Amino acid sequence: MNQNSPRTVIIGASSGFGAALAEHLAAADHRVLAGSRRERPSTTSLRHVRLDVSCAQSVSDFAQAADAHLGGQLDGLVFCASDSGAVARAWEVNTEDAARLLDISLLGFVRIVNAFVPTMKNSGRGSIVCVGSQAARTCLGLLSVYGAAKAGLEHYTRCLAHELHGTGVRANVIGIAAETDLAQTHRAAKAELRGRPSTHPPLPPVADNLPLARWLLSDDAAHITGQTIEARLP
Ligand SMILES: NC(=O)c1ccc[n+]([C@@H]2O[C@H](COP(=O)([O-])OP(=O)(O)OC[C@H]3O[C@@H](n4cnc5c(N)ncnc54)[C@H](OP(=O)(O)O)[C@@H]3O)[C@@H](O)[C@H]2O)c1
């Protein structure tokens, strides 16, 4: 890591895709600041700070920590936070579960964008990547609110990219498929509701999904903005 190392913030980095991406980028010479509610050990290249994206004060404190740690510069911002609740038949959704999911998965991203985009705009560069889902565009079953949150996230990001046109800041959505806590919680909740075990084969390892995010963060993808791209193995 040196003065020219890319400075990257990863939100939702205590497990699954976010944790793996944080470690992967830190090993690839990024200076990474990672945030989530659960703490993780910090290293020289990967600093962990507590963050709850559903709390405006926590987001503001985290943005200050990022400013101090990254010297007021930011090249990449990745939003991976999501909630695995509200798995239900569409006519039986608990609205408190739905509100929590939207607060984290959609409004959490809006709070993060409000806190970080001014810094990126000022420096005239930066790549924002948020993790969407196939559920935004396909009815996956028992995931109506999760899919609605991801559809909102995708459209918000498309608008964000459009409004950032000419600033040097890009914003894209990726879809992933990985065997993580969230995937397993979804599968178990669906099996319970359906009264039968899941027959879905295990998803690919998280590592298979990392190159797409790394590429979108890099200058090799300087011509890509406002897009939704799925990491799917052939
Ligand atoms: N796995 C898949 O196949 C798949 C498919 C499509 C999309 N996705 C998306 O991929 C992203 C990563 O999920 P994952 O599969 O890696 O699951 P995961 O391991 O459960 O990761 C979710 C992350 O979100 C964080 N988070 C949750 N609430 C938060 C809050 N209020 N504030 C800050 N961070 C919060 C969690 O950390 P804390 O609990 O410590 O806060 C955790 O680090 C999610 O957006 C998910 O919707 C996953």
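How many salt bridges does the count come to? The count comes to 12 salt bridges. The model is a predicted one.

## Salt bridges

Side chains of opposite charge can pair when their charged atoms come close.

Another salt bridge joins Glu 179 and Arg 187, with their closest N and O atoms 3.0 Å apart. Glu 179 has a relative accessibility of 22%, so this residue counts as partly exposed.

## A salt-bridge network

Four residues, Arg 137, Glu 154, Glu 230 and Arg 232, are linked in a network of salt bridges. Within this group, the side chains of Glu 230 and Arg 232 meet in a salt bridge at 3.3 Å, N to O. Glu 230 is partly exposed, its relative accessible area being 23%. Arg 232 is also partly exposed, with a relative accessible area of 40%.

## Helix 7

Which residues of helix 7 are buried? In this helix, which spans residues 210-217, the buried residues are Leu 210, Leu 212, Ala 213, Leu 216 and Leu 217. Seen down the helix axis, the buried residues of helix 7 fall within an arc of 165°, and so they line one face of the helix.

Several elements take part in covering these buried residues. Among them are the strands 1 (7-11), 4 (76-79), 5 (126-131), 6 (169-175) and 7 (228-230), together with helix 1 (16-27).

## Helices 4 and 5

Two packed helices are described by the angle between their axes and the distance between the axes. For helix 4 and helix 5 (residues 144-163), the angle is about 20° and the axes are 10 Å apart. Angles under 35 degrees count as roughly parallel, and helix 4 and helix 5 are therefore roughly parallel to each other.

Helix 4 passes helix 5 in a right-handed crossing. On the side of helix 4, Phe 109, Val 110 and Val 113 make the contact. Helix 5 contributes Leu 153, Tyr 156, Thr 157 and Leu 160 to the contact.

Note on methods
Residues numbered from 1 in each chain as written. Predicted model: local features only at pLDDT ≥ 70, side-chain atom pairs only at ≥ 80, totals over all residues. Heavy atoms only, no water. Buried < 20%, exposed > 50% of the residue type's maximum accessible area, 1.4 Å probe, protein only. Helix = DSSP H or I, 4+ residues; strand = E, 2+ residues; numbered from the N terminus. Arc of directions from axis to C-beta. Contact = heavy atoms within 4.5 Å. Axes fitted to C-alpha atoms, helices over the stretch in contact; angles between N-to-C directions. Parallel < 35°, antiparallel > 145°, perpendicular 65-115°, else oblique. Left-handed = near helix turned anticlockwise from the far one by under 90°.
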